Every structure is written in structure tokens, then in C-alpha cells.
Amino acid sequence: MGYHQSSRRRTIHKQRKKMKGLLEDLKIIAIVSMAMVQQLYMCESGSSLHPVILIPGAGGNQLEARLTKDYKSSSVFCSRWNPIMKDTQGWFRLWFTPTVLLAPYTDCFARRMTLYYDTDSDDYRNAVGVQTRVNKFGSVQSLLYLDPTLKKITTYMAGLVDSLEAIGYVRDKTLFGAPYDFRYGLAPEGHPCAVGSKFLKDLKELVQKASSSNGGKSVILVSHSLGGLFALQFLNRNPPSWRKHFIKHLVALSTPWGGSVEGMRTFASGNTLGVPLVNPLLVRTEQRSSESNLWLLPNPTIYDRKTPIVITQNSNYTVDEIPRFLKDIGFGEGVYPYESRIVPLMEQLQAPGVHLTCVIGGGVKTPETLSYGENGFDEQPEIGYGDGDGTVNTVSLRALERLWAKEKNQTLETIVLPGVSHKSILENRDALDAIINEISGINSMGCRHTRVVI
């Protein structure tokens, strides 16, 4: 009897243990099933969207200015009291404003926009008495139009934002903006860069905030033009572990990875950037002073070192001869910052180990050579054209394909949109559809590839 009772107890104990194990398995299955249902709901409802941060190109940032008592007026049109319309703290719109179209005010605008390289501090600064700021950091509001009072003729990212909202993105919840003072650039290690460094710090905080407020999801960065150069530097200046945790993907639109020939024209004879009625010579000095414009000169590691880009009656200039070019156009003071701050940046195009998609235009005639006549650099050049997006040359737009060809830990995709220009990539319906399809695909990757193994 004792033996049979003991055996029955062991059998009951084993059955209870087995039943307990089955119940635990059922609990796990129930939890996993709920997780799968939640995942499916999130994918279908759009709540699985990775937050997006838009990083604009140079001219796509709005700038505001304020004049202090130290400001020195250059003319009656440029007095401290102009413009009359300011906010209660004295801030007014500096870029973009239609007053730039009027010659006396064009000169005033240029003087207020001009930067100065300070050799003692080894950094750039505003003109004395001029304070500037970028408004609404974190929001896409300032990226929609260059001037919200002239929406029809100054549209910038409004079409892209509308398209993102159409697939479920919500401003200030899943969709953010990172505007910056586009006159300033960045500097390599060992050189101060107060304005650019602050932007990278603010961008990092915005990325972390966007991720935290969206359940820890990693962030998709979407950049345009110059914004792509900032984005790549931003990624490479943060630890790999941080990138892996916080960055899902970089979608770079029309990025001049290797600068452009158009940048040479900006320094030589001025560039109105498509703004009508403006004499390019009136803004040339201001444009030469811009740190970021130096960054947009043709990169010697990307362009053919032997082919002349600028041709004059007395001399020709290749990408290797940019320092001599700067001296000959009368901008010798730009040589030192170019050689000490910009060239090292041009050599820093390392793969960040973050998924990257380049969306670019092509098949649009783009300046490839600049020929100046007997009047030299004070007149616009005769232009020889090649392929590109109308602003940036194809060799620059597709530079990373060659540079990263042997990178094993870097995924790079290039989407070419025939006939789409540098700016119309933000307006053209086919271009916007391609961008949205790419972002939708990035978001759906988690839904398509999520597997639960028990």
C-alpha cells in the first residue's frame, strides 16, 4: 500500500508540474499573440511610424535679425530703424524678405548677412551690432515657405510636409524640423565652431526627444541639399552605439556630397540663387563671407583634378587650384579658413554605418565649366553644361557610390529621378511620391519582417 500511494503521489506531482508548464506556455502564447495583434494594429493604423526630422538646405532656412546699439549704418536705407516692422524685442525677418529685390535694400541685406572670420578666435561671427537667430527649432513651421506672407512664390517644404501628413505623420508629434543658420558651417577637430556645434547639439537633443516621445522608436532623418552634409557629419560625430539606437535611416535629397561647380560661380561673380531683379555683384561679398559656401566648393577628392573648371583669358583653375582661384578673384582672406577648416571636412565622408538612401535628380543641364571674358569676374561667365540636377553635378550627387563601394557595413541606395531639378525634388509629384514610397518602405520594414520565435 505504501508503495502504491507513493507512486500515485509522484504521478500526480508530475501531472501537476506538466499542467503548470502547459499553463505557463499558454500564458506566453497569449502574451505573444497580444503582441502580434498590437504590432498588426500599429502597422495598419500608422502608429508604427518612425519619427521624421527634416533638415533643410541652405536657402530653405528662415533667419531673423536684431540690431544692437553697436550697429553702424552704411546708408539711410540701412539705418538701425529699418525695417520699421519688428516684434516687441526688435527681431525682424532677414531671410527671406522681398526687400532684397530692391537695390538699396539689397546692399543693406548683404551687409547684415555678411560673416567675418576672426583669426584670433579661429571662428566666424556676425557683423558688429547684428544678432541673428533661427526661429521655431524643432518645428516644420519655418520650413514650409521662405516667407509665409508670399506662399505661392516662396514654397519650400510645404509639399513634402503635406505628403508626409497624408501617410499619417503629425506635426510636432511624429514630424519635426531642424532649421539652422545656413551661413555657418562646421569645422574639423581642433577648430572651434560655436554656431555649427550648437546646431549639432540641438539636433541630437531633438532626435532623442523625438524617439522618447514615440515609444523609443529610432528616427528617420530626411535632408535636402546642404542639410545632407550636416547630417553625415552629425552621424559620424556620434558614437556607433548611439547611431544604432536612435537613427533608423537617412534619406538624403539632392545632397552635394562633393560640392558643385556652381559654387565656383558664387565666389567668382556672385549668384542670385534664382531670385529675380538682383544684381549678383551686390551680394557677392556677402556670399564669399559665408563659411558654408566654402564647404560647397568642388571637392578635390571627387572631381577630376586635371580638368579646368574656371577658364579665363589669363589663367585656368582646376579643383586642386582653388586656393589660387580665391586669391585671384580678390578673396585671399578665404584661403586660410578654406585650407584649415574646409579641406579636412571634404576628406571626412566616412560611411556612418546607418542605412542611407540618396534621392537625386538627373538629366538636367548643370554648369560644368565657367569661362570668363575680358571683363573678368565682374560679369557672369559663359557656361559649359554637363549632367546633374541643374545645380549639383552628377559626379557629386553620386560620389558616395564610389567612395563607399568596398564598405561592408554600409547600405547605400540611390534613386535617380530623370528631369527633376535640385529644388523641384521638393515639388514635383513624381519626386514626392518616390520620397514618400521610400519613407513608407522604411516604416513597413518592421511590420514585414517582425517574427516571433517561441
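Let me begin with terms: on a 1 Å grid over the protein atoms alone, a cavity is a set of points where a 1.4 Å probe fits but cannot get out, whereas a pocket is an open set with protein on both sides within 12 Å along at least five of seven lines, and lining residues have an atom within 4 Å of a point. Grid points are joined across faces, edges and corners, and a volume is the space filled by probe spheres set on the points. This is a predicted model, in which local features need pLDDT of at least 70 and side-chain atom pairs count only at pLDDT 80 or more, while totals for chains, interfaces and linings use all residues. Residues are numbered from 1 along each chain as its sequence is written, and side-chain values use heavy atoms, with hydrogens and water left out.

A search of the whole structure finds 1 cavity of 30 Å³ or more, and the volume of the largest cavity is about 90 Å³. Its lining has 14 residues, with Leu229, Trp257, Trp295, Leu345 and Leu349 nearest the centre. Helices here are DSSP runs of H or I with at least four residues, and strands are runs of E with at least two, numbered from the N terminus; helix H5 (226-236) gives the most to this lining, with 3 residues. By class, the lining of the cavity holds 9 nonpolar, 5 polar and no charged residues, where Ala, Val, Leu, Ile, Met, Phe, Trp, Tyr, Cys and Pro count as nonpolar, Asp, Glu, Lys and Arg as charged, and the others, Gly among them, as polar.

Turning to the largest pocket, about 1,300 Å³ of space lies in it. Of its 47 lining residues, Gly59, Trp95, Thr272, Leu273 and Gly274 lie nearest the centre. Helix H7 (261-269) gives the most to this lining, with 4 residues, and the pocket lining divides into 21 nonpolar, 21 polar and 5 charged residues.

Which cysteines does the disulfide join? With a disulfide taken as a pair of cysteine sulfur atoms within 2.5 Å, Cys78 is joined to Cys108, S to S 2.2 Å. Cys78 lies in the loop between strand E2 (63-67) and strand E3 (92-95) and Cys108 in helix H2, so the pair ties together parts that are 30 residues apart in sequence. The torsion about their S-S bond is about 80 degrees, and the disulfide is therefore right-handed.
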